[in-house]
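Please walk me through this structure in short steps.

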Amino acid sequence: LYSSRSIDRGRNWELPKKMSIFGHPANLIEIDKNKILCTYGYRKDPIGIRAVVLDKKTLNILSNTFILRTNGKGNPFDSGYPMTLMLDDKTFFTVYFFTSNDKVTHIAGTRWSIN
């Protein structure tokens with residue numbers, strides 16, 4: 001995964017920098033004024049869905065990796081594309097494209113929390 005930041009509301013951007021997150025594509029949501037949740041598809045064995053918390057200004061990783069799924073099968077490109085919502089009770093609901101043991105590619109979801 002690569003990142004690029006703008007400090008002038010999108011007029012100019014830094015050159016992309018490689019992050020220490022292996023996975024794509026990513027979905028980013030602000031979870032408080034200083035933190036972003038990054039959810040992404042993990043396309044190596046075990047194929048699945050993962051997430052980390054990032055510092056909003058520096059994009060440094062602030063958390064351990066949250067593993068939402070690890071049972072993906074088949075073509076690793078048949079998983080990922082997550083979209084995450086933060087629910088009122090501070091839990092998250094993430095939906096994603098996924099292929100499991102039955103080799104049927106489908107939309108799946110996981111409700112989870114950071115704590």
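The largest pocket has 17 lining residues, and Arg5, Leu28, Ile36, Lys56 and Leu59 lie nearest its centre. A pocket is found on a 1 Å grid over the protein atoms alone: it is an open set of points with protein on both sides within 12 Å along at least five of seven lines, and lining residues have an atom within 4 Å of a point. Rolling a probe the size of a water molecule over the atoms shows where empty space is left. Here the volume of the largest pocket is about 320 Å³. A volume is the space filled by probe spheres set on the points, with grid points joined across faces, edges and corners.

The model is predicted: local features need pLDDT of at least 70 and side-chain atom pairs count only at pLDDT 80 or more, while totals for chains, interfaces and linings use all residues. Residues are numbered from 1 along each chain as its sequence is written, and side-chain values use heavy atoms, with hydrogens and water left out.

Which strands supply the lining? β1 (2–3), β3 (26–32), β4 (35–42) and β5 (47–55) each give at least two residues to the lining of the largest pocket. Strands are DSSP runs (E, at least two residues), numbered from the N terminus. By class, the lining holds 9 nonpolar, 3 polar and 5 charged residues. Ala, Val, Leu, Ile, Met, Phe, Trp, Tyr, Cys and Pro count as nonpolar, Asp, Glu, Lys and Arg as charged, and the others, Gly among them, as polar.

Now take β3 and β4. They run antiparallel and are joined by 6 bridges. Two strands pair if DSSP finds at least two bridges between them. β3 and β4 form a hairpin, with 2 residues between them. Leu28 stands opposite Cys38 in β4.

Next come the charges. Side chains of opposite charge can pair when their charged atoms come close. The structure holds 4 salt bridges. A salt bridge is a side-chain nitrogen of Lys or Arg within 4 Å of a carboxyl oxygen of Asp or Glu. Lys56 and Glu30 meet in one, at 2.4 Å from N to O. Lys56 lies in the loop between β5 and β6 (66–72) and Glu30 in strand β3, so the pair ties together parts that are 26 residues apart in sequence. Lys56 is partly exposed at 35% relative accessibility, and Glu30 is partly exposed at 49%. Buried means under 20% relative accessible area, exposed over 50%, and partly exposed in between (1.4 Å probe, protein chains only).

Which residues form a network? Salt bridges link Arg5, Glu14 and Lys17 in a network. Arg5 pairs with Glu14, their closest N and O atoms being 3.0 Å apart. Glu14 also pairs with Lys17, with closest N and O atoms 3.8 Å apart. Arg5 is partly exposed at 29%, Glu14 at 27% and Lys17 at 46%.

Finally, look at another sheet. Its 3 strands form an open sheet in the order β7-β8-β9, with antiparallel pairing. The edge strands are β7 (80–86) and β9 (105–112), and each pairs on one side only. The twist averages 20 degrees from one strand to the next. Axes are lines fitted to C-alpha atoms, for helices over the stretch in contact, and angles run from 0 to 180 degrees between N-to-C directions. β7 and β8 (residues 92–99) pair over 5 bridges. Gly80 has Phe97 in β8 as its bridge partner.

Technical notes
On a 1 Å grid over the protein atoms alone, a cavity is a set of points where a 1.4 Å probe fits but cannot get out, and a pocket is an open set with protein on both sides within 12 Å along at least five of seven lines; lining residues have an atom within 4 Å of a point. Helices (H or I, at least four residues) and strands (E, at least two) are DSSP runs, numbered from the N terminus.
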